[in-house]
Amino acid sequence: CPIPLITWVFPFVGHVGLAYANGATSEFAGDFTVLDNAVGTLMFGRQARYCAVARPNDVPAASWDELVTAWDQQIGKTAVVFSQENYSFITHNC
């Protein structure tokens, strides 16, 4: 997601969030702050890009469901870890 003013001057700077399987995002937003957002939104506005992952044909649906569940659980665990971290734009950013 573009950050107003900063991304306009430095186009390689932006903001990243991780999406749960349902499309909702989780993002590191500052000291001890992790935001869980609605589908398609981040702290600075709408998502500029996203990468959808589809189940490969050679992966059985049951195995895929397990992977999706594990993905969502891992994002939740990561959110807990980052909710206990200090933030620095330069040295400890998402």
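**Exercise 1: Charges**

Task: State how far apart the mean positions of the positive and negative charges of the chain are.

Solution: In this predicted model, the chain carries 4 positive and 8 negative charges.

**Exercise 2: Overall architecture**

Task: Determine which elements the chain contains and in what order they run.

Solution: The first step is to count the elements: the chain has two helices and five strands. The next step is to read them from the N terminus, which gives the order α-β-β-β-β-β-α. As for extent, the C-alpha atoms fill a box of roughly 45 × 30 × 20 Å along the principal axes.

**Exercise 3: Surface and burial**

Task: What share of the residues counts as buried, and what share of the accessible surface belongs to carbon and sulfur atoms?

Solution: The chain has 94 residues, and 20% of them count as buried. Its accessible surface comes to about 6800 Å², with 61% belonging to carbon and sulfur atoms.

**Exercise 4: The setting of Ala-79**

Task: Decide whether Ala-79 is buried or exposed, and identify which residues it touches beyond four places away in sequence.

Solution: Ala-79 is located in helix α2, which spans residues 61-82. Its relative accessible area is 14%; because the cut-off for buried is under 20%, Ala-79 is buried. Beyond four places away in sequence, Ala-79 touches Ser-26 and Val-34. Finally, Phe-28 lies 51 residues from Ala-79 along the chain, yet their C-alpha atoms are separated by 7.7 Å.

Notes: Residues are numbered from 1 along each chain as its sequence is written. This is a predicted model: local features need pLDDT of at least 70, side-chain atom pairs count only at pLDDT 80 or more; totals for chains, interfaces and linings use all residues. Side-chain values use heavy atoms; hydrogens and water are left out. Helices (H or I, at least four residues) and strands (E, at least two) are DSSP runs, numbered from the N terminus. Buried means under 20% relative accessible area, exposed over 50%, partly exposed in between (1.4 Å probe, protein chains only). Accessible areas come from the Shrake-Rupley method with a 1.4 Å probe; for residues, only the protein chains shown count as cover. Lys and Arg count as positive and Asp and Glu as negative; His and the chain ends are not counted. The place of a charge is taken as NZ of Lys, CZ of Arg, CG of Asp or CD of Glu. Contact means heavy atoms within 4.5 Å.
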